[in-house]
Amino acid sequence: MSNLKFSATHEWVDGSGKVGVTDFAAHEMGDIVFVELPNVGDKITAGKPFANIESVKAVSEVFSPVSGKVIAVNDALSDAPELINQDAFSAYLVEVEITAYEDGLMDKAAYDELKH
Amino acid sequence: MKLIFEKSISGRTGFSLPASDVAEYKLSDGALRAAAAELPEVSELDLVRHYDALAARAYGVDSGFYPLGSCTMKYNPKLNETVAALAGFTELHPLQEPSSAQGALEAIYTLTESLKEITGMDDGTLQPAAGAHGEFTSLLMIGAYFKKKGEKRTKIIVPDSAHGTNPASAAMAGFEIVNIPSDANGYVDTEVLANAMTEEVAAFMLTNPNTVGLFEKNIGKISRIVHDKGGLLYYDGANLNAVMGIVRPGDMGFDIMHINLHKTFSTPHGGGGPGSGPVLCKKALAPHLPYPLVEKKKDGRFGYRKTSLASIGRVRAFQGNFLVEIRALAYIIALGREGIRDAAEKAVLNANYMKSLVSEFLTAPHKGACMHEFVASCEKLKEETGVSALDVAKALIDHGMHPPTIYFPLIVHEAMMFEPTETESRETIDEAVAALKEIVAQAKTDPESIKKSPLTTPVGRPDEVKAARKPILKI
């Protein structure tokens, strides 16, 4: 997890370009029941919503910490969206060919600080 | 249960008309559909049984306890129905000349005056069709107000505990939403509000009591913060039932508000609706009200006011959901001044009674007395047993009651929001609490049995997400 970068809106991105939401976000949303992902080939933009996560509480937009082209999506989430609640850091949403990062991404220590 | 379309037999009818004794009139080409509509063909008895079977599967406040928080599912007195069924109301045409519809106009006038008195506002319209429509109407009026003043204000502040319709209505009306966090006790954080309140902000939307069932004691200060920056204070009337006849939004500093007649004033809800969402406002906003508005003329007769050029226009055809308005008027007249206040006091008493019993076995995150509703949390129960608020809610169905609102407000984990209303007896509340207590006890010894509920309904746990996301339409 050391190579993860975090956004203030509770998303993470790793060194390989995988993007997901944090365990804190998953806990705040509650039991996740549906994930709506972009298509492979879609361009996504740092700071802009690119996916929707529906929990028993509400539908939440997920903001992208990076800009770039979607090269893979995590299909497992369509049948098992609860994977995000179980392990938010392995249940990535999409993999992105990154062209730019959002300004102000944090390392784990800074993000943990923000949550408190 | 078979669908009405599955009962259909080609050629079967439920009526018989005498042969036509006038020549058939040919419509012009293009005015007729190419193929006949696919409608169910059934006998009158098939149709009666269809509706009777649906009614047997439905659950309403007439069937049993319905403590759906934030919805004020109070009993709808049958007297309202008797009054709304009077031929003088049902057989009117909405385009009838005012001179031949004096009674209906007087009813609209009297209801508007009553609502003005209850809310402490100066003017109002009954036109909006429901609560969110009332919010949208109000926000258009707020927009028109600042446009006329020549001020560019693009933002609306809402607390994170707000009803989802608040930010949605504001966005629909073209505003940008600023969400502010509540303090640890569930109240508006006045410091956070003061920082967010700039001269770009048109209004702050608030319910009082708020969505966790607490009265915002700092409302005077909140009003000063908003008004000092030239903004307006909006009152979401969803929780008016807790305070009607006791305090008035107009006196608390609110400038404009909507009322849900189907919550506070005992008109039917949801499928039994339609709803009605009157908007009331202070004098400064009155020129922007939708038209037409009813007035009492000097000679005591009723008619329409001259239309204000600053009006936002019509928001619905004719006079809104007129027969719903009649029901609300019947309720207000039946209760009278003392009765209105008494209803609010008993609503608060019932909620506090229930809260004190429920907090013996579920966590109540907000200490102290509540208003007309309260929030309990199943977070601890879920950690200990895996049984969530959703599971407890489903299990309540097997105990013959409608579940409370769950997972709202969003700021409480595993929230269950109870609003018993004033129309429930102590015995009903005791029975509901006993059922809840039994479920919580069972969750600790046999959590799997709770997760299987409900077992007494025709359908157990439908896939609610797929039903909404990937519906299979069947006719």
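In the predicted model, strand 11 of chain B and strand 12 of chain B, the latter covering residues 415-418, pair in the antiparallel sense over two bridges. Within this pairing, Ile406(B) is the residue that stands opposite Met416(B) of strand 12. The two strands belong to an open sheet of three strands, arranged in the order 10-12-11 in chain B, with antiparallel pairing. Strand 10 (374-377) and strand 11 (405-406) of chain B stand at the edges and have a single partner strand each, so one side of each is left without a neighbour in the sheet.

The loop between strand 11 and strand 12 of chain B contains Pro409(B), and the peptide bond that leads from Phe408(B) to this proline is cis, with omega near -5 degrees. A further cis peptide bond runs from Ser453(B) to Pro454(B), where omega is near 0 degrees; Pro454(B) is placed in the loop between helix 15 and helix 16 (464-469) of chain B.

Thr421(B), a residue other than glycine, has a phi near 70 degrees and is located in the loop between strand 12 and helix 14 of chain B. With 25 C-beta neighbours inside 10 Å, where 20 or more are required, Thr421(B) counts as buried. Phe318(B), likewise not a glycine, has a positive phi of about 55 degrees, and its place is in the loop between strand 9 (302-304) and helix 11 of chain B. Phe318(B) is exposed, since 12 other C-beta atoms lie within 10 Å and the class extends to 12 or fewer. Phe322(B), by comparison, lies in helix 11 of chain B and counts as partly exposed, with 18 C-beta neighbours inside 10 Å. The C-alpha atom of Phe322(B) is separated by 9.5 Å from that of Pro94(B), although the two residues are 228 residues apart along the chain.

Helix 14 of chain B, which comprises the 20 residues 426-445, should span 28 Å at 1.5 Å a residue, and the 29 Å between its end C-alpha atoms agrees with this expectation. The buried residues of this helix are Ile429(B), Ala432(B), Leu436(B), Ile439(B), Val440(B) and Ala443(B). Because these residues cover an arc of only 95 degrees around the axis, they are placed on the same side of helix 14 of chain B. The face turned away from this buried side carries the exposed residues Arg426(B), Glu427(B), Ala434(B), Ala441(B), Lys444(B) and Thr445(B). The elements that cover the buried residues of helix 14 include helix 11 (322-358), helix 12 (379-385), helix 13 (389-398) and helix 15 (447-451), which belong to chain B.

Taken as a whole, chain B has a secondary structure of 16 helices and twelve strands. Its radius of gyration of 25 Å is close to the 23 Å that the globule rule gives for 475 residues, so chain B is as compact as a globular protein of that length. The C-alpha trace of chain B spans about 75 × 65 × 45 Å along its principal axes, and 42% of the 475 residues of this chain count as buried. Among the contacts in chain B with a separation of 6 or more, 72% are accounted for by residues 24 or more positions apart.

In chain A, strand 9 (residues 94-101) pairs in the antiparallel sense with strand 3 (residues 18-21) over two bridges, and in this pairing Val94(A) of strand 9 is the bridge partner of Val19(A). Strand 9 of chain A also pairs with strand 8 (residues 66-73) of chain A, again in the antiparallel sense, over seven bridges. Here Ser67(A) stands opposite Ala100(A) in strand 9.

The contact between the chains takes eight residues from chain A and seven residues from chain B. On the side of chain B that touches chain A, these comprise four nonpolar, two polar and one charged residues.

Technical notes. Residues numbered from 1 in each chain as written. Chains lettered and ligands numbered in written order. Predicted model: local features only at pLDDT ≥ 70, side-chain atom pairs only at ≥ 80, totals over all residues. Helix = DSSP H or I, 4+ residues; strand = E, 2+ residues; numbered from the N terminus. Expected span 1.5 Å × (residues − 1). Arc of directions from axis to C-beta. Contact = placed C-beta atoms within 7 Å. Nonpolar A, V, L, I, M, F, W, Y, C, P; charged D, E, K, R; others polar. Pairing = 2+ DSSP bridges. Rg over C-alpha atoms; globule rule 2.2 N^0.38 Å.
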